[in-house]
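These are my notebook entries on one structure. I set out to look up its nonpolar packing and one of its helices.

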Amino acid sequence: MSKTKWVASSYGLKIPGSVLDEDKEREVDPGEAVEVPFGYGTHLIEDGLAYEAEEPDTEPVSDGDGDDAYSSMSMEELEAVAKEFGYNPPGNIKPETLRKKVRKLVADKFTELEGRAKELGVDVQGDWALEELEAAIEQASK
């Protein structure tokens, strides 16, 4: 891509493969930055579907068999994390399906907290864990 723009959305995005010179549509998680052609990114922003984002310093969390905190978790550990976020997984859920659900729950919570933090004037650091973000929000709320 020649001239590009980094965008993200609070709700997530589905970018057609043709826009990204890829074979299939790409689903982008809420708050995840994606590089798109400048005109397409401008269109998303003007239509209120996305906001301009900074280029990420690190690669996004893996959605498959990559190495993230959830890749090596057992089914019991994944269920415990899911329940912390108010999700009670059905008994017949497959491990990879639950792993994807947990990743989405965490991403959604981070996006929610990041929005609240920005409203309070907190400078959110890209490498913060949820607990650090929650502590910063609590401190700023005092």
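**Entry 1: Nonpolar cores**

I looked up the largest nonpolar core, which has 19 residues; Leu 98, Val 102, Ala 117 and Leu 133 have the most contacts inside it. A nonpolar core is a set of buried Ala, Val, Leu, Ile, Met, Phe, Trp, Tyr and Cys residues joined through side-chain atoms within 4.5 Å; buried means under 20% relative accessible area, with a 1.4 Å probe and protein chains only. At least two residues of this core come from each of helix 3 (75-84), helix 4 (95-119) and helix 5 (130-141). Helix 4 supplies the largest share, seven residues. I counted helices as DSSP runs (H or I, at least four residues), numbered from the N terminus. Apart from this core lies another, of 10 residues, including Val 19 and Val 36.

The model is predicted: local features need pLDDT of at least 70 and side-chain atom pairs 80 or more, while totals for chains, interfaces and linings use all residues. Residues are numbered from 1 along each chain as its sequence is written, and side-chain values use heavy atoms, leaving out hydrogens and water.

**Entry 2: Helix 4**

I noted that helix 4 has 25 residues and reaches 36 Å from its first C-alpha to its last, close to the 36 Å expected (1.5 Å times one less than its number of residues). Its buried residues include Arg 99, Phe 110 and Glu 114. The buried residues of helix 4 pack against helix 3 and helix 5. Leaving aside neighbours within four places in sequence, I found Ala 117 in contact (heavy atoms within 4.5 Å) with Val 122, Val 124, Leu 133 and Ile 137. Just after helix 4, Gly 121 takes a positive phi of about 85°.

Key. Buried means under 20% relative accessible area, exposed over 50%, partly exposed in between (1.4 Å probe, protein chains only).
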